[in-house]
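Let's take a walk through this structure together. Have a look around first, and then we'll go through it piece by piece.

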Amino acid sequence: MTPTHATNVRPEGMTGPQAGLGFRHCLTVVAALLVWLAIVSPVQAEVTPQRAQALLQALDTDDFDAKAEAAQAIAASDAAQKTRWLEALLDGRLGRERRGERFYIITDDSGREWPIIDAITFEEAGTGSRRSVDAFRINNALRTQLQGLIASLSLDEGDEATRLEAAKRLIGEVDAQSVDTVAAQLDDEESPAVRAELETALALYRVEQGDAAALETLRGNLDTRVRNSLATIAAGDAPIAAEAGETLAGIESKRAWYERGQTLFFGLSAGSVLVLAAIGLAITFGVMGVINMAHGELIMMGAYTTWMIQQLLPGQPGLALLLAIPGGFLVAAAFGILIERSVIRFLKGRPLETLLATFGISLILQQLVRTVFSPLNRRVASPDWLQGAWQINEALSLTLNRLGVLLFCLVVFAALWALMRYTRLGLEVRAVTQNRAMARSMGVRAARVDMLTFGLGAGVAGLAGVALSQITNVGPNLGQSYIVDSFLVVVFGGVGNLWGTLVAGMSLGVINQVLQPWVGAVLAKVIVLIGVILFIQKRPQGLFAPKGRTS
Amino acid sequence: MNKITSTAALLLSMGIALPAAAQEDTIKVGILHSLSGTMAISESTLKDELLMLIEQQNENGGLLGKQLEPVVMDPASDWSLYAEQARDMLTGDDRVDVIFGNWTSASRKAVLPVVEEENGLLFYPVQYEGEESSENIFYTGAAPNQQAIPAVDYLMSQGVERWALLGTDYVYPRTTNKILEAYLKDHGVADDDIMVNYTPFGFSNWQSIVSEVKDFGSQGKKTAVVSTINGDANVPFYTELSNQGISASDIPVVAFSVGEQELSGIDTGPLVGHMAAWNYFMSVDSDANYDFIDNWVEYTGDDMAVTNDPMEAHYIGFNMWLEAVREAGTTDVDAVKDSIIGVTVPNLSGGSSAMMPNHHITKPVMIGEIQDDGQFSVVWETSGNVAGDAWSDYLPESQDLISDWRAPLRCGKLNVDTMTCEDGAGAE
């Protein structure tokens, strides 16, 4: 059994005298250790300060192989402090006094003066800095090893999640030595999830040994290690090559379906960003006919509002994000109304001048942000529930921030649609759009409606900013990168139609994501742009034309 | 004219001649970094750093008995504006003696003909793609052999067999990736094991590309990403990596344009272990570095201010220029150009850097792994300094070329095979 796997990282700590041991064995050993530790509770005794000193001393080397051995020695020792040492080492907080013999643990490494404690006695030792404490460095391989060591040390009886993790690691790692241990583990195991992983690991081993019956267990398994092993077997000349190839084809076609699903999700989420950015514009440009080049900067305002609310509520990114939804709306809407009252209303019916004036406003707003907040990007934290991915199976996972934005987009769209459809404001807006003079003569105060509509469009742009803060950079240039796309979506979808914006944004997103793996991001964008231009040539009113008579 | 008469009037009225006259006679240092637009995120810090260095030098008595005077312009991330303002600096009212500036290769390419025509001096502090040598430009950032090639060597030593080369779509990533592809193929990497992908500036929609990389890396061979992604597109890229669960132990990313400054916009918790290759890290353990950081923190008044590799390059370049002017006894461009070759000054990593005849400098190369506090921890370092190579040895069109600006050769593009000079004063 000699396949190498993407996940099978051979740490350089194992290339020294222990090279023969190999990482694969190491994993099996760790797994066995887990079982062993579950039975025998470790007895820890104090070691002498000299011994502790010697254990830590061994870490003080530039050679990562030697460091790995020193860490192994610490884990195997009786020192009561060992877990804390290894954790501190993992975090880069274990260090040694420069020009001295003492070892310290840094308890808080933010800032430039750190509180430190003695690593052996855990007594407070004042403060240290980078000039006085030399923290031990680790690399990727050592990090992986330390995580394994700490997991096995801090494990009392191994909860299901830990066992599952260990079982997952076993896939492709089972060999003649460990097969019986794993089989025994399978017999004792009760959790169905862990059993499934262990069965896969065993079946893969048996298939590699030429057991055709075990292929049945692997049918439809989406784990990439299974696929890679089967591909090797199918390409070889083992007696079961043909059968393995058959199973592999089944796996590949199943994966292909999930991949299509994933591409669709990518496309919809990219589309939802476009829709969010464009929908405010669909109101100001589409409904009111104002070419607002500062639309992007209103998006930026929403994003900066999110950042500011997060600064006011440190440690609560989730709450801050929820508060930013009304906050971003109000701030951007206020800016929008200000722009409308001070500039745009004087330029009514003069689109070229509006374009230039709003472009000027966009530059002013950008520079304002640079002066007030600095030209550097601001970091908007994501709450835990928007980090990571929803892992449906091995082949399909949906990233939570994108999923969140997609849902948010649909909610905003629904709310906006309802507002335009069912409220008095919506009625007045539609009336003013269709026939301004007639609406005014019916008693609609057109100037007020203009102001509120522009404020609404700007506020929705602010909402887009809140959502974008979760997936892209919050900086002075945030708006610039979305303004062209927004106009593209609105024009493609049909000016003055919210549904058009939704359909156009989503379809452009999906087309873009389908093209991207083939032709690359740059060319995909070019193709989409050319496609839209050709489409507009053929159908100038866009996807959804506004109904009614055109004069 | 007005200035002179008003100064004269001032002298008469105040009756003190000497200090005011000394004030008038300064050495002007041009700073050509964007303070607005997309590059402001990286370049505005360099402007502040140079102002600090000039202030320090003036406190220490200036240069040749004169005070240094900064001339700051803002090319607003507009490449053609860089050329215009460089010309202003070299010909305008306050004619500068030296320019420190530029970040992107595109802007350097725009300024190059101007400094050559007006015979100026430009110190360029950023890692770049090589394949260029100008008599008037000093490249204090890394050439590909001082960053990209050692990084790939390190990854090979870690067992990487499959390579995803991701970059932003412009001249630096494209040339660097061309060199890397040639280098990898020389080392027996198959075509199928190399994936190349370019994205536009400021790209944020990384999901399908990251997913493609994930798939590329799950084919059973150890895979690494070599990233020449530039600017703020890095933030969504790394966020997407961590969201899709790609950790450094699965597919490590080694980046050539991500430094401490760029990381200050990201939560680095999920990125621990991803790498960057540079010639300097803020975490480098040396007293020169600690002093520099202390000064920088004091100057900016920001306790969390970070330093990075291009800042070190300017630090080295500035000190080299000072040293060369002292040696030449004048700020005359031709004299300084001759005296600077061979000048050796301390760098921030505890050693020293020398200016080579090809206008590149010697520096150590380091690989750092990202830590959860936004700093890098150095996991590998070249044993000594590496001299920058203007013309890559791995591209067929440039493997026979060298550059040597010393008299009497004075050639930026000398073909050692045919011994003909293709560019430079020596060509005539």
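## Two domains in chain B

How far apart do the C-alpha centres of domain 1 of chain B and domain 2 of chain B lie? The answer is 27 Å. Keep in mind as you read on that this is a predicted model. The domain assignment builds each of these two domains from two stretches of chain B: residues 26-142 and 287-363 for domain 1, and residues 145-285 and 367-387 for domain 2.

The two domains touch, with 26 residues of domain 1 of chain B in contact with 24 residues of domain 2 of chain B. On the domain 1 side, the elements that each supply at least two residues are helix 3, helix 5 (105-117), helix 11 (287-300), helix 12 and strand 13 (362-363) of chain B. Helix 3 of chain B gives the most to that side, with three residues. Sorted by class, the domain 1 side has eight nonpolar, 13 polar and five charged residues.

## The nonpolar cores

Now for the insides. The largest nonpolar core has 126 residues. Those with the most contacts inside this core are Ala86(B), Ile99(B), Val152(B), Val254(B), Ala277(B) and Trp321(B). Helix 12 of chain B, which covers residues 309-328, brings the largest share of this core, ten residues. There is also a second, separate core of 82 residues, and Phe266(A), Ala270(A), Ala333(A) and Val412(A) are among its members. As a general rule, nonpolar side chains tend to be buried together in soluble globular proteins.

For a closer look, pick Val254(B). Which residues is Val254(B) in contact with, once you leave aside its neighbours within four places in sequence? They are Ala151(B), Leu155(B), Ala224(B), Val226(B), Ser227(B), Met275(B), Ala276(B) and Ala277(B).

## Where the chains meet

Next, the meeting of the two chains: 51 residues of chain B are in contact with 52 residues of chain A. On the chain B side, the elements giving two or more residues are helix 3 (40-59), strand 7 (194-199), helix 8 (207-216), helix 9 (234-243) and strand 15 (376-381) of chain B. Helix 8 of chain B gives the most, with five residues. By class, this side of chain B divides into 14 nonpolar, 26 polar and eleven charged residues. As for the predictor's own scores, the complex gets an ipTM of 0.77 and a pTM of 0.81.

## Getting to know chain A

Chain A has 20 helices and seven strands. Of its 551 residues, 46% are buried. Chain A is divided into domain 1 (42-150) and domain 2 (262-538), and the C-alpha centres of these two domains of chain A lie 50 Å apart. Take the contacts in chain A between residues at least 6 apart in sequence: 69% of them join residues at least 24 apart.

Helix 11 of chain A runs over residues 241-287, and Gly250(A) is found in this helix. Is Gly250(A) buried or partly exposed? Gly250(A) is partly exposed, because 15 other C-beta atoms lie within 10 Å. Beyond its neighbours within four places in sequence, Gly250(A) is in contact with Arg219(A) and Gly220(A). The C-alpha atom of Gly250(A) is also 9.1 Å from that of Asn221(A), a residue 29 places away along the chain.

## A closer look at helix 14

Helix 14 of chain A covers residues 351-373, which makes 23 residues. At 1.5 Å a residue, this helix should span 33 Å, and its end C-alpha atoms are 32 Å apart, so the two agree.

The buried residues in helix 14 of chain A include Thr354(A), Ala357(A), Ile361(A), Leu365(A) and Val369(A). What covers them includes helix 12 (295-312) and helix 13 (317-342) of chain A. After helix 14 of chain A comes Ser374(A), with a positive phi near 95 degrees.

## How confident is the predictor?

Chain B has a mean pLDDT of 88, and 93% of its residues reach 70 or more. The pLDDT is below 50 over residues 3-23 of chain B, a stretch with four contacts beyond near neighbours in sequence.

For chain A the mean pLDDT is 82, and 89% of the residues reach 70 or more. Here the pLDDT is below 50 over residues 1-24, a stretch with 55 contacts beyond near neighbours in sequence. Where pLDDT is low, the predicted coordinates should not be read in detail.

Definitions and conventions
Residues numbered from 1 in each chain as written. Chains lettered and ligands numbered in written order. Predicted model: local features only at pLDDT ≥ 70, side-chain atom pairs only at ≥ 80, totals over all residues. Core = buried A, V, L, I, M, F, W, Y, C linked by C-beta atoms within 7 Å. Buried ≥ 20, exposed ≤ 12 C-beta atoms within 10 Å, placed from the backbone. Helix = DSSP H or I, 4+ residues; strand = E, 2+ residues; numbered from the N terminus. Contact = placed C-beta atoms within 7 Å. Domains from an automatic or database assignment. pLDDT = per-residue confidence, 0-100. Nonpolar A, V, L, I, M, F, W, Y, C, P; charged D, E, K, R; others polar. Expected span 1.5 Å × (residues − 1).
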